[in-house]
Amino acid sequence: MRLSEIIEILNLDLDPKKYNLNIEITKINSLENGKNGELSFLENSNYFKYLNSSLISAVLISEKDIKKVPKHIIPLISENPYIDLARISKYFTTSLEISEDKRVDEVVGKYSNIAKNVFLGSSVVIGNNVTIMHNSYVGDNVKIGDNSIIYPNVTIYKETIVGKNVIIHSATVIGSDGFGFATTNSGEHIKIYQNGNVIIEDSVEIGSNTSIDRAVFNSTIIRKGVKIDNLVQIAHNCDIGEGTLLAAQVGIAGSTKLGRNVVMGGQSAAVGHIVIAPFTTITGKAGVTKSITTSGKFWSGYPLFEHKKWLKFQAKISQLFSKR
Amino acid sequence: MRLSEIIEILNLDLDPKKYNLNIEITKINSLENGKNGELSFLENSNYFKYLNSSLISAVLISEKDIKKVPKHIIPLISENPYIDLARISKYFTTSLEISEDKRVDEVVGKYSNIAKNVFLGSSVVIGNNVTIMHNSYVGDNVKIGDNSIIYPNVTIYKETIVGKNVIIHSATVIGSDGFGFATTNSGEHIKIYQNGNVIIEDSVEIGSNTSIDRAVFNSTIIRKGVKIDNLVQIAHNCDIGEGTLLAAQVGIAGSTKLGRNVVMGGQSAAVGHIVIAPFTTITGKAGVTKSITTSGKFWSGYPLFEHKKWLKFQAKISQLFSKR
Amino acid sequence: MRLSEIIEILNLDLDPKKYNLNIEITKINSLENGKNGELSFLENSNYFKYLNSSLISAVLISEKDIKKVPKHIIPLISENPYIDLARISKYFTTSLEISEDKRVDEVVGKYSNIAKNVFLGSSVVIGNNVTIMHNSYVGDNVKIGDNSIIYPNVTIYKETIVGKNVIIHSATVIGSDGFGFATTNSGEHIKIYQNGNVIIEDSVEIGSNTSIDRAVFNSTIIRKGVKIDNLVQIAHNCDIGEGTLLAAQVGIAGSTKLGRNVVMGGQSAAVGHIVIAPFTTITGKAGVTKSITTSGKFWSGYPLFEHKKWLKFQAKISQLFSKR
């Protein structure tokens, strides 16, 4: 949509003589990843550092910060940039696949079996030797690579990309909306439409009743050879490194990035916006609240300790207790 | 059913001359909420206080407690009131929607899209501009308000009420039976039929693979503007206050009541039968075991501490540990 | 398949004059449970004790351990027995039910209601008075006993056995693959095909969004009268004792065996390969990491303490903390 329309919807005040309001805004994006023709926002001072080198065309920003905006970016002065981002985000979402199972324009490779009652949205592309079982749902523009198996009652939301040799078990949901809201002073939560997607690379296996949310912008990524157990939560914009193993009931909050061959035990979790180094092992029920930057270590507990220290700590606790 | 039938089924001993056994019992209910024509039970002495003012017509009660029953309530003397309640509860459940997708008497508003393979039970009422996607299930007597979106493979059990502008993501289940059993001395668990329902108010969003159980009596309530993430458990008879946010994998046990704008972090939980004050924040993995009565505070850990104390406690642990 | 084919697929070196390579291998199994005509593997020295009395016909084993193999078992020398087991496991899996809903050879008892859009695989046997609701999936060779109720959108994988008077709530998955992989030195995970099944005995109730995985060999067993809440994870080869209660979001790792009438509170968990004695109670959020051999006790926390000790420990923590 045109920048002039955005300004009108958000009821912003911008001098049409000073800026070209006819430019087309094609996407909302972060400052770091945004490109020409895209809109971003700035509210948290941690992100100022990305402003100068950002390729975006316009930014929602508070009046007090306007001097920091470089010349190539149009500043959209907003009393609450994050809430205005939420309000405009719904205009950048594609429509729901509410129509009947069309089966008019999908491409299905050789030797593939699509069971009865499977929904195929428009422009779906399915490779060779793919199995999709009873009642599963494959939204618009989804791609599924060769030899993949989708068990019954799986839901794959629109725009998801699934690689080759992938297995997805029943009742798992790929691409549901990330949990993103901007909260007003009165406590109302404005939905930030989740306009990204999920990319699942080759040779991934995903258990039953697992949820992997679509990205708010860009992609949630599950890399090659990752194996995910049942009832696992992977939030929007996570990046799960090659060969990582996530046991049952693990939860990973938004934008967290795991290196390759990380192992997380059952019911362990990681907060959002952190990095976990390659070859890290997190034992069951542990909680990771800060980035782990040294690779190959073994961690336990909540708060998190290196496993050996945690064992000593447990011994100390027992000892302390036994005095009484 | 008539009181005389209940007495016969449970094989109770009651003088037909002393009491009117012809009265119609329409529902099982708690002492607090029960009305005229309803049956309750009393086993736990904490509930004696509700007996005198209760509007119910009959109560299952131990012989030793019979003198506490006021004149307007008929006492049904039972060796095990809770087990007898369980045994009679199944006679108050409505039948399952086992029939074919009838699509004979539902009311569907303007501009609503009900996808292929969606099951609509009898007497369903759907507002205007509602979207219900592939393979979802809408049980008997369910109501869904204007502009709501039900994603694919959602299950909405009978009698659920869904407000306007509600979004429910895939594989989520609304209205499954609460986890309620009366256990005999021999260790057998007798099902307490869950005859209540779920009410979801306006502008609620619910993620994927979440379970919200129907009430045993009356309603489990999700109030206006609540946002619930993926893989969340809300047990029977919970009441989730307006604008509350529940992150992924949160669990809330039965009959717990959250005030408005509570925030619970990922994998946190609350035990049953407690109250959490408005504007309370519970951080990830924390466990709430007692009511929180002061509003606006920030809590962490299991056992639970105020967040600042918890941080100090963590520091103390580290210090203790580092001595070795 | 013939032993000679296995040797060819795995590229093993075995003298055809010394051993009869024409024998038929019908199954992969553990050393303890294996029978004549079955293949096993030995990598972990804890299992040597089972080797002499094992009834299996052949074993994948390292060259260094070959002298421990008794004469009645053919040793298949492998550089990595576990990875070779994984590589051969897929040849012992039955095919997926990819075909259309056949409804040609199933047996359905009297008064049973199978809703529209329910998938019935081949050779399904359903008892009398069974209800299977909208969109549920019943794989090949599944058996369901009298009076059982399967709610909508349930997935029951092939070969599952369901007893009488069983209730399974929506979006629950029975028989998905256990989480089993053999990892190569380069960090690649080779799938161990899960060729066992799930057995659910009479009078079991299972909540919504729960996952119970099929066994790698033999059966995952849920015994008579067990009641399982929502969002529970039961891994491959678990054995859940009669009358056990598992509250919401409990997780039990592979091969763990619970005695009768165990109670596990919400979000509690047990590691794999342990035993929990009958009548044990585990409170919410607790983590069991070692076998519990004395029955009837009450346990809390992670690490686990006896409940009374845990309460004292909590008091001690508070006291320690309050000094500051």
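**Figure 1. The two domains of chain A in a predicted model.** In this predicted model, the centres of domain 1 of chain A and domain 2 of chain A, taken over C-alpha atoms, are separated by 30 Å. Domain 1 covers residues 3–92 of chain A, and domain 2 covers residues 107–309. Where these two parts of chain A meet, 12 residues of domain 1 are in contact with nine residues of domain 2. Helix α2 of chain A (residues 81–89) supplies six residues to the side of domain 1 that touches domain 2, which is the largest share of that side. Sorted by class, this side of domain 1 of chain A holds six nonpolar, four polar and two charged residues.

**Figure 2. The contact between chain C and chain B.** Chain C brings 37 residues to the contact, while chain B brings 38 residues. On the side of chain C that touches chain B, the largest share comes from helix α3 of chain C (residues 307–322), although that share amounts to three residues. The residues on this side of chain C divide into 20 polar, 11 nonpolar and six charged.

**Figure 3. The contact between chain C and chain A.** Here 36 residues of chain C are in contact with 37 residues of chain A. On the side of chain C that touches chain A, two or more residues come from each of the elements β16 (173–176), β18 (189–191) and α3 of chain C. The largest share of that side, four residues, belongs to α3(C). By class, the side of chain C that touches chain A has 16 nonpolar, 12 polar and eight charged residues.

**Figure 4. The relation between chain C and chain A.** Chain C is superposed on chain A by a rotation of 120° with 0.0 Å of shift along its axis, and the RMSD is 0.0 Å. That is the relation of a three-fold axis. The copies meet through different surfaces, because only 17% of the interface residues of chain C are also interface residues in chain A.

**Figure 5. A parallel sheet in chain B.** Nine strands of chain B form an open sheet with parallel pairing, and their order is β7-β10-β13-β16-β21-β24-β27-β30-β33. The edge strands are β7 (119–120) and β33 (287–288) of chain B, each of which pairs on one side only.

**Figure 6. Strand β19 of chain C and its pairings with β14 and β22.** Strand β19 of chain C (residues 197–200) runs parallel to strand β14 of chain C (residues 161–162), and two bridges join them. In this pairing V162(C) stands opposite I200(C) of β19(C). Four bridges join β19(C) to strand β22 of chain C (residues 219–222), and these two strands also run parallel. In this second pairing V198(C) stands opposite T220(C) of β22(C).

**Figure 7. V138 in the largest nonpolar core.** The largest nonpolar core has 192 residues, and those with the most contacts inside the core are V138(A), V138(B) and V138(C). When neighbours within four places in sequence are left aside, the residues in contact with V138(B) are V118(B), F119(B), L120(B), G121(B), V124(B), I132(B) and I156(B).

Terms used:
Residues numbered from 1 in each chain as written. Chains lettered and ligands numbered in written order. Predicted model: local features only at pLDDT ≥ 70, side-chain atom pairs only at ≥ 80, totals over all residues. Domains from an automatic or database assignment. Contact = placed C-beta atoms within 7 Å. Nonpolar A, V, L, I, M, F, W, Y, C, P; charged D, E, K, R; others polar. Least-squares fit on C-alpha atoms with pLDDT ≥ 70 in both. Pairing = 2+ DSSP bridges. Core = buried A, V, L, I, M, F, W, Y, C linked by C-beta atoms within 7 Å. Buried ≥ 20, exposed ≤ 12 C-beta atoms within 10 Å, placed from the backbone.
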